[in-house]
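Trainee: I'd like to learn how to read helix packing. Can you walk me through a case?

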Amino acid sequence: MATREGKPDRLNAFSDAVFAVIITILVLELRPPRTWTFEALVSLWPSAVSYAVSYLFVAIVWINHHHLLRYADIATGRLIWANFAHLFPVSLVPFSTAWIAQTELAAVPVSFYAGVFVLVNATYLLLCMEAVDRPQSRDVPAHARMMMRVRSFVTLGLFALATVVALKYPIGGMALICICLIVYLRPEAPNIKSRHDIDGSSRSATGAAGPPIAQPHNQGAKISL
């Protein structure tokens, strides 16, 4: 008996829940100052920087993840495991954020933080291979797939470079990470429309969705009094 593969709705719902938990854990790692002075608050700038970058990172990853899975028609086994692989390094963000905050952006923690970004980007490529690069997929043109792949490989190299640079220049490594995040602010490559966008545009062009309205057979006949 052939196995029936379902829609990726449950996969999306599960992923959204994981992202929500990650953001919750991220904010729970913040520790208020022990005194009530502004100087004590300013002294927590490493925690503020690491939290802001990580929050933006999780938001961008979720936006790109949400956009990518719009191309998936069915939840294949490879898609499910690629999604789990992608969520694994994302789940390490609260841990790595707390480490660089407690050590005030020390070299090894920032390098590890950049390494987490490398794993997230690498697993994102795996997710692209199943969601976008499927042989049966016709939603994304070939040149658009190439642009998405080139962008992923370039940022993967920059994240790897940040991992090495951070060992000697932690601030420089954080700067490279922020540059890569800016690249992913727009999830879709130019001239790419998902299947849902195409359906929505065609639906808006033809009017609201619904059963066709019956037209009279003698539409052109004149009514004589």
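Mentor: Helices are DSSP runs of H or I with at least four residues, numbered from the N terminus. Axes are lines fitted to C-alpha atoms over the stretch in contact, and angles between N-to-C directions run from 0 to 180 degrees. Here helix α4 (residues 77–91) packs on helix α6 (residues 107–131) at about 165 degrees, with the axes 8 Å apart. That makes α4 roughly antiparallel to α6, since angles over 145 degrees count that way. This is a predicted model, where local features need pLDDT of at least 70, side-chain atom pairs count only at pLDDT 80 or more, and totals for chains, interfaces and linings use all residues. Residues are numbered from 1 along each chain as its sequence is written, and side-chain values use heavy atoms, leaving out hydrogens and water.

Trainee: Which residues in α4 meet α6?

Mentor: Contact means heavy atoms within 4.5 Å. On the α4 side, look for R78, L79, A82, N83, A85, H86, P89 and V90. Their partners in α6 include V116, L119, V120 and T123.

Trainee: Which residues have the most contacts inside the largest nonpolar core?

Mentor: Such a core is a set of buried Ala, Val, Leu, Ile, Met, Phe, Trp, Tyr and Cys residues joined through side-chain atoms within 4.5 Å; buried means under 20% relative accessible area (1.4 Å probe, protein chains only). The largest one has 45 residues, and F57, L68, L79, Y113, F117, I177 and L181 have the most contacts inside it. α6 gives the most to this core, with twelve residues.

Trainee: And how many helices are in the chain?

Mentor: Nine, with zero strands.

Note on methods: Helix = DSSP H or I, 4+ residues; strand = E, 2+ residues; numbered from the N terminus. Parallel < 35°, antiparallel > 145°, perpendicular 65-115°, else oblique. Buried < 20%, exposed > 50% of the residue type's maximum accessible area, 1.4 Å probe, protein only.
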